[in-house]
Amino acid sequence: MKKRRGLTFLELLLAMMIAFLAVSFLMGLFVSGARAGVRSREISTANLLAQGAMERLLVVPVEQIQAGVHQFGVNYPGFTYTLDVTDPGDFDGDGNDDEDLKVVTMTVTTPIDNFLTFTALRRKTEPYMGACAKGPDDHMVFSASGENSPLEWSCGTTFGDCDSGCVTPLPPMPGGQPGDVAFVPTTGDVWVVDQGSAGIRRCDSSGVWWPAVKPPIASEPCGLATDTKTGDVLWMTDLANKCLWSYAGGVWTQMPAPAVPLTRPQGVAVNEDGTQVWVSDKDSNSLRCYRPGIGWDAPYTDPGLREPEGVAVTPDGQWAFAADATKVFVFPASGGGGAVGSGTIDGKAQTDYPAGMCVSADGTILYLNTRRGSVWGVDISSDLECVDWECLWWTGEGY
Amino acid sequence: MTLLELAMASGVLALFLGMVAHAVVLAYRSQAESSRESAEYRRAVNSMEWIGRELRMCEYLYSPVPASFMTGTVYRPEVGVAAPFIFRRYNAATDKLVVVGYTYDPAQETVIRAVYDPGYDPANAGTQTVLASRVLTENAKQLEFTWIDPTTTYGSQLVRARLEMNDVQPAPEMEVKVKKL
C-alpha cells in the first residue's frame with residue numbers, strides 16, 4: 001500500500017486550533033496592556049484629584065469635615081472619594097491617647113474600581129481666629145474655628161494660672177462661624193466677624209445675637225476692633241478690597257487708601273480714645289496707623305518683621321505691638337518708622353490667621369497661641385524687651 | 001489528501017490567517033494609540049504637577065490683575081489673545097524670588113513656561129524681560145486657571161489649574177492652595 005505523505009485533514013485542523021489558541025493568548029496580552037494603560041491613567045487622575053481635595057480638606061476645621069461619599073464633579077464621572085475621620089489613639093507613643101489629633105482618611109474610587117487611600121493627621125483645636133480685651137476685669141473674648149460661638153476667658157492675668165475651667169462660651173452665633181471680635185465697654189456688646197455672611201454681628205449684653213450687617217460692597221472681613229472708651233466706631237479690615245472700614249451709627253465708610261497701599265490687611269487694634277487705628281499689613285511686612293480725620297502714617301517697618309498678623313496698641317496710644325510667627329515687635333506710635341525693641345516668641349507659641357492679640361487694661365499683652373489652643377501673657381519689661389511669656393490658660397490639650 | 005480536502009484546508013487556513021492578521025493589525029493600532037494617549041496623559045500630568053508646585057509657592061500674581069482674576073472667572077492665557085499667567089514665587093534652593101509665567105500657544109498647541117526678570121513690573125514693559133522659556137507640553141488644547149472663592153474655603157486662597165490635551169479624557173486638573181495672589 002502506498003504510504004500517504006503530509007498531514008491529514010484532522011492533523012491540519014488540530015494544528016490550526018493550537019495556533020489559534022496561541023494567537024488568542026497573544027491577543028490577550030494586547031488587551032491586558034491596554035487595560036493597564038487605562039488603569040494607569042485613572043490612577044494618575046485620581047492622584048491629581050485627591051491632591052486637590054486634600055488641599056481643600058486641610059483648610060476645613062476638622063470638626064466640620066463631613067464623613068461619607070463625595071463626588072469630584074461633573075468633569076469626572078465615576079470618580080468618587082470617601083472621607084472618614086477617626087481618633088489615632090496613642091499617636092506619639094507616650095502611653096496616652098492623643099485626643100487633640102484626628103486622622104482624616106480619603107479613599108478614592110475610580111470608574112473601573114481602583115481604590116487609592118490617602119491619610120492626613122489633623123489637630124482638633126486650630127486655629128484661633130481673633131481676640132479682644134474685655135475690661136475692666138481684664139477678661140478676654142476670643143473665637144476659635146470649630147466653635148460656633150466666641151469664648152470668654154475670665155481668669156484675670158495671674159501668670160501661671162492655667163485652669164481650663166475659666167472659659168465660657170457666648171450663646172451660639174447664627175451661622176456658627178465667628179471670626180475676630182470687639183468689645184464695646186459702654187454697652188457690654190460684643191461684635192464679631194461673621195465669616196459665613198461676610199459681615200459683622202452684634203451679641204448684646206443679654207446674649208441676643210442681632211442680624212449681620214455688611215459693607216455696601218462685597219467684602220471679606222478679617223480684623224475687627226473698637227476703642228475702649230466709647231466704642232462708638234467699629235473698625236474692620238477687608239481682605240477682598242484691601243482696605244479699612246469704619247462702622248458707626250449704622251453707616252459704613254471706606255477709609256481712603258494710604259500712599260503705600262495696603263496689601264493684605266489682617267488684624268486691627270484701636271487705642272483707648274479711638275485716635276489711632278492700627279492695622280497689620282501682612283504682605284508689606286509692616287504695621288499701619290490710621291488717624292481718623294488726619295490720615296495714614298508712613299508704614300512702620302522693621303527688617304526682622306515678616307508677615308505680621310497680630311497687632312495691639314497700649315490704651316494711651318504710646319506703643320504699638322506687632323506679632324509675626326517668631327517675634328513680637330514694639331513700635332513707638334509716632335509718625336512711622338522702625339521698631340525700638342523686639343522679643344522672641346516662646347517656641348510653643350505661634351501666630352496664625354488672623355490676629356489673636358490684644359492689650360488688657362493694665363498693659364499686659366494677651367496673646368492667643370493660635371495652634372496650641374492656649375492664651376499667653378506677654379510682660380513687656382521697662383526696656384521694651386518682650387522677655388517674659390507665661391501661659392495663662394490652655395485647653396488641656398496639646399501642651 | 002484529495003483536492004477537495006486541500007481546497008477546504010486552504011480555505012480554512014486563509015480564513016484563519018485573515019482573522020489573525022486583522023486581529024494583529026487591530027491590536028497593534030490599539031496598542032499604538034493607547035501608548036500615545038498614555039504618553040500624552042503622562043506629559044499632561046507631569047505638566048500639572050509642575051504648574052501645581054510652582055503655583056503653591058505663589059506670593060504675588062502679576063498677570064492677570066488680581067482684582068479681575070479674583071472674581072471667579074476662568075482665565076485662559078493664550079498667545080495673541082490673553083497675557084500669560086505670571087506670578088512671583090519663592091525659590092527655596094536659591095533663597096530668591098522667581099517670576100514665572102505660563103501660557104498656551106494655539107498655533108503650536110504647546111504650553112510654554114517662561115522665567116522673567118526678577119524685577120518684573122506689570123506697569124513697566126521694559127522690565128518684562130523673558131530670561132528663559134521652554135515648552136512644557138505639546139499637543140495641548142487649552143490651559144486655564146480659576147480662582148476659588150475663599151468664602152468656600154475658610155478664607156484660604158485656592159486656585160484651580162486645568163490642562164486640556166488633544167485626545168486625553170478627562171482633562172487633568174488640580175486645586176492648589178497658594179500663599180497669596
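**Interface, salt bridges.** I started at the boundary between chain A and chain B, where the rule finds three salt bridges. The rule wants a side-chain nitrogen of Lys or Arg within 4 Å of a carboxyl oxygen of Asp or Glu.

**Ground rules.** I noted that this is a predicted model, where local features need pLDDT of at least 70 and side-chain atom pairs count only at pLDDT 80 or more, while totals for chains, interfaces and linings use all residues. Residues are numbered from 1 along each chain as its sequence is written, chains are lettered from A and ligands numbered from 1 in the order in which they are written, and side-chain values use heavy atoms, with hydrogens and water left out.

**Interface, the rest.** Next I looked up polar contacts across the A and B interface and got seven residue pairs, both residues at pLDDT 80 or more. A polar contact here is a pair of N or O atoms within 3.5 Å; within protein, one must be able to donate a hydrogen and the other to accept it, and residues adjacent in sequence count only if both atoms are side-chain atoms. For plain contact (heavy atoms within 4.5 Å), I have 37 residues from chain A and 43 residues from chain B. In chain A, Arg41(A), Leu48(A) and Arg56(A) lose the most area to chain B, together 19% of what that side buries. The buried area is about 3,500 Å², with carbon and sulfur atoms giving 60%; that is the accessible area (1.4 Å probe) that the two parts lose on being put together, summed over both.

**Chain B.** I read off two helices and nine strands, in the order α-β-α-β-β-β-β-β-β-β-β from the N terminus. These are DSSP runs: helices are H or I, at least four residues, and strands are E, at least two. Of its 181 residues, 46% are buried, meaning under 20% relative accessible area with a 1.4 Å probe, protein chains only.

**Chain A, strand S22.** Which strands pair with S22(A)? On one side I found S21(A) (residues 310–313), antiparallel over four bridges, with Gly310(A) partnered by Ala323(A). On the other I found S23(A) (residues 327–332), also antiparallel, over five bridges, and there Ala320(A) stands opposite Phe331(A). Pairing needs at least two DSSP bridges between the strands. The S21(A)–S22(A) hairpin has five residues between the strands, and Gly317(A) takes a positive phi near 70 degrees. Four of the five residues of S22(A) (319–323) are buried, so the strand is largely enclosed by the rest of the structure.

Conventions
Buried means under 20% relative accessible area, exposed over 50%, partly exposed in between (1.4 Å probe, protein chains only).
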